[in-house]
Amino acid sequence: MKVLRKIIKIDEELCDGCGQCILSCAEGALAIVDGKAKIVSENFCDGLGACIGNCPTGALKIIEREAFEFDEKAVEEHLKEKEKHNLPCGCPSSQIQVFSKNSKSEIEETDSNLTHWPIQIRLIPPKASFLKGASLLVLADCAAVAYVNLHRDLVKNRTVMMGCPKFDDAQAYIDKFTEIFKISDIKDIAIVFMDVPCCSGLPFIVKKALEKANKNIPYKEIIVSKTGHLS
């Protein structure tokens, strides 16, 4: 039944199909169709507008109109089905994948300890299955290049979330981690970053999210020098 409520509206003339709004929508209510963002189903959209902040063209806004009621159960089923079939949500790189250690794959043959995809913070949906009960490795981009034994010493048995605290949207990261900490029962967190001023924003982001989520999750900071040593 339709009711008068808030829901997202997309200006197709302004939309350039970048997919940023889709990455911000935890409910999977949006998709790129024929190069434009579209509402998959009205009952998937909660009307809170988390997608608006990441739209670079101003194509999104919240309006009030008659629409089908938001259905949390339908959203859960939708997300499970999308994850089951690895359906793309805007950007093909954001397809959820979990790598099995029981089967031969290119990942195993190259001695990688990575167990999932995607790894970029901005691409990982807060409800991704690999986040449930995970030991997180929150990794600054540059640290992955500077520390030669990353996979051997730090990636093994951890779920990787990687980004740059200087060039990425820090507030969006705080919001995403806050939601993850609220719903995913994270076991512990290791924050790996460079010993340069701009990289210190990464532990700040995680700590701020823990505060907002009102969670006390054990975490440690691992600093990588510019010459690739840990401290």
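Reader: Is Phe177 buried or exposed?
Author: Phe177 is buried, at a relative accessible area of 0%. Keep in mind that this is a predicted model.

Reader: And Phe181, buried or exposed?
Author: Buried too: the relative accessibility of Phe181 is 1%, and the cut-off for buried is under 20%.

Reader: How many aromatic pairs turn up in the whole structure?
Author: A search of the whole structure gives one. That pair is Phe177 with Phe181, and it is stacked.

Reader: What's the geometry of the pair?
Author: The ring centres of Phe177 and Phe181 are 5.8 Å apart, with 25° between the planes. Planes under 30 degrees apart count as stacked, so the label follows from the angle.

Reader: Where do Phe177 and Phe181 sit in the helix?
Author: Both are in helix H6, residues 170-183. They are four residues apart, which means a separation of about one helical turn.

Reader: Switching to strands. How many residues of E7 are buried?
Author: Six of six, so strand E7 (residues 135-140) is mostly covered.

Reader: Which residues point which way from E7?
Author: Ser135, Leu137 and Leu139 point one way, while Leu136, Val138 and Ala140 point the other way. All of them are buried.

Reader: Which strands does E7 pair with, and in what sense?
Author: E7 pairs with strand E9 (residues 188-194) in the parallel sense, over five bridges. E7 also pairs with strand E8 (residues 159-163), in the parallel sense and over five bridges.

Reader: What stands opposite Leu139 in E9?
Author: Val192 does. On the E8 side, Ala140 stands opposite Gly163.

Methods: Residues are numbered from 1 along each chain as its sequence is written. This is a predicted model: local features need pLDDT of at least 70, side-chain atom pairs count only at pLDDT 80 or more; totals for chains, interfaces and linings use all residues. Side-chain values use heavy atoms; hydrogens and water are left out. Rings of Phe, Tyr and Trp (its six-membered ring) pair if their centres lie within 6.5 Å; planes under 30 degrees apart count as stacked, over 60 as edge-to-face and the rest as tilted. Helices (H or I, at least four residues) and strands (E, at least two) are DSSP runs, numbered from the N terminus. Buried means under 20% relative accessible area, exposed over 50%, partly exposed in between (1.4 Å probe, protein chains only). Two strands pair if DSSP finds at least two bridges between them.
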